[in-house]
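These are my notes from going through one chain, element by element. I set down what I looked up and what I found.

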Amino acid sequence: MTPGAGVGSKGALHRRIAVETPEHVRLEYQLADLGSRAAALLIDLAIITSALLLLVLVLRVTGGFGRAVLFIAIFFATWCYFLFFEAIWDGRTPGKRALGLRVLHDGGEPLSFRGSVLRNLIRIVDLQPGLTGLAGATTILVNRRAQRLGDLVAGTIVVRDAGGGEMFGDEPSVSGRPGRPVLSSEQFALLAGYVARRGSLKPGVRKRVAASVWEALRSAAGGEGGDAEAEPDGSLVRLHEQEAPRHAARRGGASLQAAAMAEERREAWAAYTELVEKGRNRGLDALTEAEVRAFGRLYRGVTADLARARTYGASPGLLGAVERWAGAGHNLLYRAKGRAAIPLGRWLASELPRAVRRDHRPVLLAAFLLFGPMLASYGAVRDVPARARAIMSPGMLARVENTVRGDINTPYIDVEGAERPALSSGLMTNNIGVSFTAFAGGLLAGVGTVLILVFNGVLLGAAFGLYANNGVLAVILAFVFPHGVMELTAICLAGGAGLGLGSALLVPGRRTRREALRERGRAFLSLVGGAVALLVVAGLVEGFYSPAGLPAIAKFAFGGATAIFLAIYFGFAGRRAVRAAPAP
């Protein structure tokens, strides 16, 4: 399925994109503009804010467990809300659904799970600078397909939702001498599109849309349509009734063929739309076996009708309706059954370690950018202890001063059992957020990823240097070692993924930068998944095992065993699967 060349010109009222289906039928989608996308985002943000405020009120008296739930809820709202709803609602969040928007791949395919993950991980860059959203808004305005940065990486577009509303309308008949049209073909297409979909709009939305459409047509319509100031919707309907025969007469006899086709196919179209509506939420699984067969037959008929409608020169209202419902059937037919590209067990057993071995160069570069500044910062603080006060927080300085010297088994932090769930979830979600940001920062030609790696390396080195200067380095090492191996490995994986993404802009090879971004974003996404898996386990260890009152030797042994396991896992897991795979 390849995109067509039909992206609307800059002078068009609405930008459109054309794609060709496997049935060799061209489908056109109206791209969502910046205003509608911003409005959908505001609705989603209002839902997120309301839900978090309600959760705070409910959990305010629940103690450590309540804070753990709240940390997870904030993380979900920040990183997973859009991803979750777009994945389960076929490219729609509540905000997009309210405004009739949907995310598709730019080849017309329904949004995949991988595509949803990519476009929403990059959202943090689109919201910059300072969460103003200027980066994403500017990209939408200057891009011919109205794609923000996340859309470029995921290969997605946001369109007006195909399907819905009143079913195919009658083709206007031509009789007598209807006169000369007062609207241009483009203006009449806007009017006919509104009339075809007005029945699906809620009263408040219909009133606002009608006022907007009338504002666009006011100067050309003149006195046609009556008093639009008092009733924009009714006036637009009357204007359409007056203009439709005029434009049909301009097209001549072909319009009569379209009217005959509409009358002949009305019952089939009604049966088809009923099946599409039934399968809209759950996909083809919502249909019986007989209904699936009927849907396939009717879908082929509708795609053929679309080609005939174009050939016959059907009115914009009829053509737009056939096109929308053909697109809705296309989305239903090609909607992915599974939400993940690879089963989780197989991904952990073979795909993840193979991805680490395949992409070891950017991972090693990320390790150098993390551990190099860490060693340099450690040496700088050891040479000049006063430097620690310029780098470390007052809380860390106070903790060092209060740590008992000469006893390696002294607790680094004292956390009660009831508070450990909150500690675990807080550390886990924070570290996963950092890894996501390190990946997304690669879109800035790798600069964002480099800054995150270097910054974290400097902080770690300064902390170790501070503890060494106060004679309690072994205490912090005993606390960090059980989970530290996993955390540092995860940051290197996420950093390697970000550097790999950034390489698409710096060295795209023989591909365009757009193609390279899409390809490498998908290729390095597995490393981000590996970082998340490691950080989930590390968060549990850091919250429950590391603060436990166990001898330091037990904690060092646990960390050492973890390091050996990861070395064997990333070095050898999945090799047998590679050898057993047949040659391509």
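Before checking a helix length, I noted that the expected span of a helix is 1.5 Å times one less than its number of residues. The model is a predicted one, and I read every entry below with that in mind.

Entry 1, helix α8. I looked up residues 185-197, the 13 residues of helix α8. At 1.5 Å a residue the helix should span 18 Å, and its end C-alpha atoms are 18 Å apart, so the two values agree. I then listed the buried residues of α8: Gln 187, Phe 188, Leu 190, Leu 191, Ala 192, Tyr 194, Val 195 and Ala 196. For reading such a list I kept in mind that an α-helix has 3.6 residues a turn, so residues three or four places apart point the same way.

I counted 23 helices and five strands in the chain. Of its 584 residues, 48% count as buried. The accessible surface comes to about 27400 Å², and carbon and sulfur atoms hold 63% of that surface. I also checked the contacts with a separation of 6 or more: residues 24 or more positions apart account for 75% of them.

I located Ile 47 in helix α1, which runs over residues 34-59. Is Ile 47 buried or partly exposed? Its relative accessibility is 35%, so Ile 47 counts as partly exposed. Leaving aside residues up to four places away in sequence, I found that Ile 47 touches Tyr 81 and Pro 94. I also took the C-alpha to C-alpha distance from Ile 47 to Ala 77, which is 9.7 Å for two residues 30 apart in sequence.

I looked for the members of a nonpolar patch on the surface and recorded Val 536, Val 537, Leu 540 and Phe 544. Together they have about 300 Å² of accessible area. Val 536 has its place in helix α21, residues 513-545. I noted 30% relative accessibility for Val 536, which means that this residue counts as partly exposed.

Note on methods:
Residues numbered from 1 in each chain as written. Predicted model: local features only at pLDDT ≥ 70, side-chain atom pairs only at ≥ 80, totals over all residues. Heavy atoms only, no water. Helix = DSSP H or I, 4+ residues; strand = E, 2+ residues; numbered from the N terminus. Buried < 20%, exposed > 50% of the residue type's maximum accessible area, 1.4 Å probe, protein only. Contact = heavy atoms within 4.5 Å. Areas by Shrake-Rupley, 256 points an atom, 1.4 Å probe, with all protein chains shown as cover. Patch = residues over 30% accessible without salt bridge, like charges linked within 9 Å, V, L, I, M, F, W, Y side chains within 5 Å. Salt bridge = Lys/Arg side-chain N within 4 Å of Asp/Glu carboxyl O.
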